[in-house]
Amino acid sequence: MRSPDSSSPLWKDEFSVNTADERYVTRRQFSKFLVLTSTAMFVGQLWILVKSWFAPEAGALPKQVIARRDEVDIGEVKLFAYPTEADHCILVRTAEDKYVAYSQKCTHLSCAVYYSRASNKLECPCHKGFFAVDDGRVLAGPPTRPLPQILLETRGDQLIAAGIQGA
Amino acid sequence: MGYDPAKLPPQVRGLNAITGAMSLIAILLIVQIWLLTATLESYLAGRHGAALPAAIISGVIFLFCFGLYRFVNSIDRKVR
Amino acid sequence: MFGFEFYVDPSRCIGCRSCLQACEECETHRGKSMIQFDFIDRPSTISTAAYVCWHCDEPTCAQVCPADAIKKGEDGIVHSSLKPRCIACNNCVLACPFGIPKMMEAEQQMMKCDMCYDRTSVGKRPMCATVCPSQALAYITPQEAAKRPTRPSNVFNFGNQTIKTKVFMMVPAQFDSLSLDVADYIWEGKENA
């Protein structure tokens with residue numbers, strides 16, 4: 001409607017005498033935009049509500065063999081996928097008889113966390129988030145929620161993922 | 001104050017009312033956005049109990065915003 | 001709109017003032033007509049002419065309004081000033097080359113012919129065109145207007161300014177535009193000047 005080399009001043013185009021060409025945002029239009037944003041927020045809340053009704057019960061997931069007990073040395077990790085191929089997880093052997101496993105998705109912006117032997121913490125390299133190895137709680141950085149923990153069971157020689165806690 | 005607010009011309013009074021109402025809408029919107037982020041945070045952490053009360057409060061805020069929008073429009077039509 | 005155009009033919013005006021009466025009936029400006037009624041040269045002739053707003057393509061009244069109160073719609077009709085915005089400064093009254101806008105002092109608002117928008121927007125004719133017995137003011141299709149011996153023109157020259165309007169003036173067939181110099185029509189105090 002307005003070309004770069006238009007000869008009339010900007011105010012004449014924006015406050016045009018033709019109702020079809022008026023370009024300033026009226027108060028009514030702006031208020032309408034705000035109310036539409038409010039509607040979108042409300043719809044978002046409803047979406048969360050619906051998802052929470054249909055969410056599976058915490059922990060009631062199929063069990064899956066993820067490793068043998070001697071596959072991983074003390075202080076070493078194994079990456080696996082549980083419950084689906086898309087959910088990446090990390091298994092850490094912290095001591096002779098202690099294994100912990102967590103979802104690898106950082107609770108900040110879903111970068112992959114890794115285990116740092118030097119500091120004995122789970123680190124997220126993207127924004128320097130740190131999680132404790134023993135229970136997945138946040139030690140430092142932007143994440144607010146603890147890492148979802150994979151519940152482990154032992155059956156003889158095998159380590160079995162039996163559910164997720166905290167997600 | 002040096003002037004009687006009741007004696008201001010209707011255009012100025014209407015504009016004051018519209019400005020106040022629009023500011024209120026904006027503030028309520030910020031509250032609603034915060035509420036959404038907080039609910040999402042708690043949902044992702046596995047706590048599903050907050051979803052229903054948050055949805056109800058969000059709905060109430062939305063209705064209030066809508067009422068204020070209707071108010072702004074009616075004053076705008078009358079006075080401008 | 002709806003295929004009709006407004007044609008003003010002053011040569012057909014018989015001075016009956018039906019248009020003034022009809023225009024006055026509008027609720028918005030009851031008792032005051034928005035038609036400019038002229039006696040051409042009262043001392044020497046009974047000729048009269050009735051003029052409505054010409055609804056210019058680039059309305060001078062709208063362009064000089066300091067309050068952005070006069071608006072032209074998408075259909076080309078220039079409306080009376082918006083009541084909440086008009087400050088009764090009379091800029092438009094002074095600026096209009098045709099002298100159309102009227103300042104309603106009691107309401108502190110400029111009002112003028114708006115082509116009876118409440119009627120024309122739904123396909124009816126404006127009041128003045130409906131009652132004019134000689135159809136000096138006519139709201140007809142261009143095909144109907146072509147049947148007349150006079151030809152419609154909507155280009156006016158005021159000195160160096162060319163104005164194109166939506167409303168047509170019926171002029172003798174040999175003219176295609178009207179050149180009016182306002183200075184020519186200023187009375188200089190001499191008879192037959």
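These legends walk through several close-up views of a predicted model. Residues are numbered from 1 along each chain as its sequence is written, while chains are lettered from A and ligands numbered from 1 in the order in which they are written. Because the model is predicted, local features need pLDDT of at least 70 and side-chain atom pairs count only at pLDDT 80 or more, though totals for chains, interfaces and linings use all residues.

**View 1. Helix α2 of chain A runs alongside helix α1 of chain B.** Here we look at α2(A), residues 27-54, and α1(B), residues 10-44. Helices are DSSP runs of H or I with at least four residues, strands are runs of E with at least two, and both are numbered from the N terminus. The two axes come within 10 Å and cross at roughly 20 degrees; axes are lines fitted to C-alpha atoms, for helices over the stretch in contact, and angles run from 0 to 180 degrees between N-to-C directions. That makes α2(A) roughly parallel to α1(B) (under 35 degrees is roughly parallel, over 145 roughly antiparallel, 65 to 115 roughly perpendicular, and the rest oblique). The crossing is left-handed, meaning that the near helix is turned anticlockwise from the far one by less than a right angle, with clockwise giving right-handed. Among the residues making the contact are Leu34(A), Met41(A) and Ile48(A) on one side and Met22(B), Leu29(B) and Tyr43(B) on the other; residues are in contact if their C-beta atoms, placed from the backbone, lie within 7 Å. Ala, Val, Leu, Ile, Met, Phe, Trp, Tyr, Cys and Pro count as nonpolar, Asp, Glu, Lys and Arg as charged, and the others, Gly among them, as polar.

**View 2. Helix α2 of chain A also packs against α2 of chain B.** This pair meets at an angle of about 165 degrees, with the axes 9 Å apart. So α2(A) is roughly antiparallel to α2(B). Once again α2(A) passes its partner, α2(B), in a left-handed crossing. The contact between them has 16 nonpolar, eight polar and four charged residues.

**View 3. Chains A and B meet.** The contact takes 29 residues from chain B and 23 from chain A. On the chain B side, α1 and α2 (51-79) each supply at least two residues. That side of chain B has 20 nonpolar, seven polar and two charged residues.

**View 4. His88(A) sits in a strand of chain A.** Its place is in β3 of chain A, residues 88-95. With 16 C-beta neighbours inside 10 Å, His88(A) counts as partly exposed (20 or more other C-beta atoms within 10 Å is buried, 12 or fewer is exposed, and partly exposed is in between, with C-beta atoms placed from the backbone). Leaving out residues up to four places away in sequence, His88(A) touches Leu79(A), Ala81(A), Gln104(A), Lys105(A) and Ala112(A).

**View 5. Chain C has helices and strands.** Chain C holds six helices and nine strands, and buried residues make up 33% of its 193 residues. Its average pLDDT is 90, where pLDDT is the predictor's confidence in each residue, from 0 to 100. Strand β9 of chain C (residues 178-180) has the lowest mean pLDDT among the chain's elements, at 70, and strand β6 (residues 137-140) the highest, at 96.

Conventions: Two residues are in contact if their C-beta atoms, placed from the backbone, lie within 7 Å.
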